[in-house]
Amino acid sequence: MAESDGRVVTRFAPSPTGSLHIGGAHTALFNYLWARREQGSFMLRFEDTDRSRSDILYEKSILEDLKWLGIVPDVLSPRQSSRSERHKEVLNFLIERGAVYPCFCSSSEEFSKGGHSCRSMNPGERKSRISRKDPHCWRFEVPASPNYTYFDILRGKISVPGCAAEDFAVARGDGSATYLLACAADDHDSGVTHVIRGEEHMPNVPKQEMIYRAMGWSPPKWAHIPMILDRERRKLSKRLGAVSIDEYRESGWAPEAVVSYLATLSWAQAPTDRIAPLSELAGMFDLNSVARFAPVHDEARMRHFGRLFLSGLADETLLAYCSDGFSEFGSSGVAKSEKIAFLREVLPECATKRELAFQIRANLSLSGSETADAPEWIEDLKERFTLIPDIEWDSSNIKNIMKSFQKEKGLKGADFFHPLRIFLTGMSRGAPISLILSCIGRTDTLKRLDEYRNGRAAMPGGDNRGQ
Ligand SMILES: [Zn+2]
């Protein structure tokens, strides 16, 4: 089986029992970055031995989410469940070496209470009980020692009191491996050099290292990255808001923004002033500089990256990114430059594509419900707008015309712009009105003013479009 040839091999080994969450994506990212940084390879393995909860649909969605994030595995390892023969082989090897023994206790409680009676059972009795098919599992005979020490890249030397590891089960009576054995065998066989995983796996290290040593294998290097917490410093959970990657994807987040944000969790050197591509992150990444303190999931920081991503898009890309949003407005044709100017105006409010679409709709549709009394100058303004040819209908011309109109009529800014905005959008706040009008186009602007004249102000709720 593949011993490492010195090349770094990392792996992300989720159970396909749910969709990919921020914590899993974070672990996958660090595995990916370390493999890239070391010019090694990044492997994905589904640990699907919990057959009742594992689902191939989750495998698909996890893989899709990783691809969406750009964290594409170099190797897709065989599913854990497909390797049961190999796991049995490893078990038999451990049995032959006398590293494990059969335990006939009916439960782990009974085992804990009963001391080590199975451990000291004589070989003849073991044999006859096994041939009688007495239910049993296989336990690893943990050597008595005051402490067990191992090294974690993030945490340094870790010392575990010897009593922390009682003889642990490596297989059931039918020879099917427990997680501890399956995981150790799979990591070893696929040449994994660095096990970078969540800190909840730390108690497994002494047990897995014992399996490695009993097999004559060298254990991998360990790096246990801290769990991401919520603001109250609790474990992140779905019921406390969106934490699954597919939800972020569906709500219009850019993968680049999500990745840039994830990189900052526990890794202080990750850039916070720009969206760094994965290749740049990989060039800088150092597993040794990852903090061991639990990071807090910070929506505000994530939004910062969302805004950075959107504001960094080139004009044409930005427009293409949300062209759908404009499709129902500006029937008479609106210049690209006007749409882009509008987007740049509303962009500071937005972290996602969906929020941009919302801003377009909120500003350009007549969906607001505010109303105001019709001022006497509204007809005159409409006349004035009618005189602008379509081709000159842009925000700067509209602005100039409105300004000179306001001056002519001797209107204060608030007395003019406030009611005008309400007639045209139904809202008293929003993007600059000249940009809104240029983006809805001349025809629709005139139509809205007509609708107003025809009684919009008197309508409860305001919106009588389409009647
Ligand atoms: Zn027992």
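User: Which residues in H3 meet which residues in H6?

Analyst: Arg86, His87, Val90 and Leu91 in H3 meet Leu181, Ala182, Ala185 and Asp189 in H6. Two residues count as being in contact if their C-beta atoms, placed from the backbone, lie within 7 Å. By class, this contact of H3 with H6 holds 5 nonpolar, 1 polar and 2 charged residues. The nonpolar class is Ala, Val, Leu, Ile, Met, Phe, Trp, Tyr, Cys and Pro, the charged class is Asp, Glu, Lys and Arg, and the others, Gly among them, are polar.

User: Before we go on, what kind of model is this, and how are residues numbered?

Analyst: This is a predicted model, in which local features need pLDDT of at least 70 and side-chain atom pairs count only at pLDDT 80 or more, while totals for chains, interfaces and linings use all residues. Residues are numbered from 1 along each chain as its sequence is written.

User: Why are H3 and H6 called roughly perpendicular?

Analyst: Helix H3 (residues 84–96) and helix H6 (residues 179–189) pack at an angle of about 100°, with their axes 10 Å apart. Axes are lines fitted to C-alpha atoms, for helices over the stretch in contact, and angles run from 0 to 180 degrees between N-to-C directions. Angles under 35 degrees count as roughly parallel, over 145 as roughly antiparallel, 65 to 115 as roughly perpendicular and the rest as oblique. H3 and H6 are therefore roughly perpendicular to each other.

User: How many helices and strands does the chain have?

Analyst: The chain has 19 helices and 10 strands. Both are DSSP runs numbered from the N terminus, with helices (H or I) of at least four residues and strands (E) of at least two.

User: Why is the chain called more spread out than a compact globule?

Analyst: Its radius of gyration is 32 Å, well over the 23 Å that the globule rule gives for 467 residues, so the chain is more spread out than a compact globule. The radius is taken over C-alpha atoms, and the rule is 2.2 Å times the number of residues to the power 0.38. Along the principal axes, the C-alpha atoms fill a box of roughly 110 × 45 × 35 Å.

User: Which domains does the assignment give, and what distance separates the centres of domain 2 and domain 3?

Analyst: The assignment gives domain 1 (9–77 + 228–303), domain 2 (80–182) and domain 3 (318–467). Such bounds come from an automatic or database domain assignment. The centres of domain 2 and domain 3, taken over C-alpha atoms, are 73 Å apart.

User: What makes Gly191 count as buried?

Analyst: A residue is buried if 20 or more other C-beta atoms lie within 10 Å of its own, exposed if 12 or fewer, and partly exposed in between, with C-beta atoms placed from the backbone. Gly191 has 20 C-beta neighbours inside 10 Å, so Gly191 counts as buried. Gly191 is in the loop between H6 and strand S9 (194–198). Of the 467 residues of the chain, 36% count as buried.

User: Is Ser311 buried, exposed or partly exposed, and how do you know?

Analyst: Ser311 has 14 other C-beta atoms within 10 Å, so Ser311 is partly exposed. Ser311 belongs to helix H11 (residues 299–311).

User: Why is Pro348 called exposed?

Analyst: Pro348 is called exposed because 9 other C-beta atoms lie within 10 Å. Its place is the loop between helix H14 (336–346) and helix H15 (353–364). Pro348 and Asp74 are 274 residues apart along the chain, and their C-alpha atoms are separated by 37 Å.

User: What is the phi of Lys133, and why point it out?

Analyst: Phi of Lys133 is near 65°, a positive value in a residue other than glycine. Lys133 is found in the loop between helix H5 (123–131) and strand S5 (137–140). With 8 other C-beta atoms within 10 Å, Lys133 is exposed.
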